[in-house]
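User: I'd like to go through this one with you piece by piece. Could you take my questions as they come?

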Amino acid sequence: MSTTARFDEHGIEPIPATSRDSTPWQQFWIWSGANIAPINWVLGALGVTLGLSLVETLIVVALGNLVGCAIFGLFNVMGHRTGVNQMVLGRGPFGRRGALVPGVVQGLLTMGWVGVNTWVVLDLVIEILAQLGVHGGTGLKYLVAALIMAVQLGLALYGFYAIRTFEKWTVPATVLVMAVMTVLALGRAEPDWTAATAEGAADKFTAVTQLLTAIGIGWGISWLPYSADYSRFVRPAASDRAVFWSTALGMYVPTVWLAALGACLASAGADSDPSTLVTDAFGVMALPVLLLIMHGPVATNILNLYSCSLAALSVGIRIARWKLTAVAGAVASAVLAVFVQADSFARAFDHWMVSILVWISPWAAIVLVDFFVLHRGRIDVAALYRDGGVHRPAMISLGLGLVAGWAWQYGMVPALQGPIARALGDTDFSWLSGGLVAGGLYCLLATRARARATRVLEPVAR
């Protein structure tokens, strides 16, 4: 089987069997590469920042990601069974026109994620240059950001096969570096396993809910709109079980590993800023470590930029890909500016995660129920590409799911702090309330709609 990085000419049509040559193991490397990134140190450090002890943070991250990554694995099975990207799969419950709204939101979010992740790369590069004696102020930051963006866009434009090849050859080496880095970091740090700043059971429970939303269950959920974009290339002969485990573990292992490392470093008194974490933990070894781990954010942004173009195609935009990436770069730059100016990257990232999960959870619940419950894992792929309107059960469920998610959301600004969240001590279960309301209501409404349609057709049949 060839792994040559040929140009990916596929759009949003189902991938033909002859082009589906990816293996589950390659999917593992793709998702591992996207998550072996310094941003995941921030995930673990956030638990300590919120006031939890190291032990409590590790438990929340490990158990929460079991749930989030399992759901992620199921979404990858959808792509493998159909050969269709995730936003087009969303047309099943929403209808072709109804799916325009989630498609537009996904396109905007992928551009935002590019800005978030580019900030991490930029932070690391500026730290490297400072250690080499190079200081250029704001101008240097803009120059470095432009160069990083150019590299990311180049790989993303080439498509899936370039992404697969890039991850195949770079991730194993990065895993080795991360293993050495972990040993060095834990050897230098003196983590405090039980110290916590949150006082009382109520404060700790609030911190646990916010941590679950931002980096526990929420981390796997945040990747759901991307999943089928890559699993659609897995060879048809591969088993669903293999696809599920390779993608779920590809997400789980590096996320929990690096979050645990970030938590350990933060509990030892290190700052949650990625470059500061590296400098404090590795001393004279910080320079080579910084150079090597820049791979992670770039690997993540490749996926964001590729999925951004698919989301744009899914909503009917028909322009050249380079124009789509130019727009993506502009939006990403705006998000990047927000994070550069933030006092605490960890808290800024927390607010970012909260703001995106409020829509992903209800949307994902509807798609999951439609595919696995109502259609029992088998759908009419051709119907996804026929003209269609708006499916009211899905849109009503999404709307009420958004309200339910907002009601139990504790976001950055008062408008994103729902009444349930405020009434229950600033807790955040937006992913749960939004998903349960949207998924449960959609199952009820769609089942009733089917029953009515069946009753109307019966007299005609007789």
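User: Is Arg376 buried or exposed?

Analyst: In this predicted model, Arg376 counts as exposed because its relative accessibility is 72%. The residue sits in the loop between α17 (345-374) and α18 (392-407), and it has a positive phi of about 55° although it is not a glycine.

User: And what about Asp426, where does that one lie?

Analyst: Asp426 is in the loop between α19 (419-423) and α20 (430-461), with a positive phi of about 65° although it, too, is not a glycine. At 28% relative accessibility, Asp426 counts as partly exposed.

User: Stepping back, how many helices and strands are there?

Analyst: The protein has 20 helices and zero strands. Of its 462 residues, 56% are buried, and the accessible surface comes to about 18,200 Å², with 68% of that belonging to carbon and sulfur atoms. Among contacts between residues at least 6 apart in sequence, 87% join residues at least 24 apart.

User: What span does α12 reach?

Analyst: Helix α12 (residues 240-267), with 28 residues, reaches 40 Å from its first C-alpha to its last, close to the 40 Å expected at 1.5 Å a residue. The helix is mostly covered, given that 20 of its 28 residues are buried.

User: Then α9, what should that helix span?

Analyst: The 15 residues of α9 (residues 200-214) should span 21 Å at 1.5 Å a residue, and the end C-alpha atoms are 21 Å apart, which agrees. Buried residues in α9 include Thr206, Gln210, Leu211 and Leu212.

User: Changing topic, how many aromatic pairs does the structure hold?

Analyst: There are 15 aromatic pairs. In one of them, the rings of Trp25 and Phe28 have their centres 5.1 Å apart and their planes at 5°, so this pair is stacked. Both residues lie in helix α1 (residues 24-35), three residues apart, about one turn of the helix.

User: What kind of pair do Trp31 and Trp223 form?

Analyst: Trp31 and Trp223 form an edge-to-face pair, 5.3 Å centre to centre and with 75° between the planes. Trp31 lies in helix α1 and Trp223 in the loop between α10 (217-222) and α11 (228-231), so the pair ties together parts that are 192 residues apart in sequence. Both Trp31 and Trp223 are buried, and they belong to one aromatic cluster that also includes Phe72, Tyr226, Tyr230 and Tyr306.

User: Which residues have the most contacts inside the largest nonpolar core?

Analyst: That core has 81 residues, and those with the most contacts inside it are Trp31, Phe94, Val144, Trp223, Tyr230, Leu303 and Trp363. Helix α17 gives the most to this core, with nine residues. Apart from it lies another core, of twelve residues, among them Phe28, Met181, Ala185 and Leu261.

User: Back to Val144 for a second, what is it in contact with?

Analyst: Leaving aside its neighbours within four places in sequence, Val144 is in contact with Leu122, Val125, Ile126 and Leu129.

User: Which residue does Asp240 form a salt bridge with?

Analyst: Asp240 forms a salt bridge with Arg81, the closest N and O atoms being 2.7 Å apart. Since Asp240 lies in helix α12 and Arg81 in helix α3, the pair ties together parts that are 159 residues apart in sequence. The relative accessible area is 23% for Asp240, which is partly exposed, and 29% for Arg81, also partly exposed.

User: And what about Arg386 and Asp380?

Analyst: The side chains of Arg386 and Asp380 meet in a salt bridge at 3.3 Å, N to O. Arg386 is partly exposed, with a relative accessible area of 47%, and Asp380 is partly exposed with 46%.

Conventions: Residues are numbered from 1 along each chain as its sequence is written. This is a predicted model: local features need pLDDT of at least 70, side-chain atom pairs count only at pLDDT 80 or more; totals for chains, interfaces and linings use all residues. Side-chain values use heavy atoms; hydrogens and water are left out. Helices (H or I, at least four residues) and strands (E, at least two) are DSSP runs, numbered from the N terminus. Buried means under 20% relative accessible area, exposed over 50%, partly exposed in between (1.4 Å probe, protein chains only). The expected span of a helix is 1.5 Å times one less than its number of residues. Contact means heavy atoms within 4.5 Å. Accessible areas come from the Shrake-Rupley method with a 1.4 Å probe; for residues, only the protein chains shown count as cover. Rings of Phe, Tyr and Trp (its six-membered ring) pair if their centres lie within 6.5 Å; planes under 30 degrees apart count as stacked, over 60 as edge-to-face and the rest as tilted. A nonpolar core is a set of buried Ala, Val, Leu, Ile, Met, Phe, Trp, Tyr and Cys residues joined through side-chain atoms within 4.5 Å. A salt bridge is a side-chain nitrogen of Lys or Arg within 4 Å of a carboxyl oxygen of Asp or Glu.
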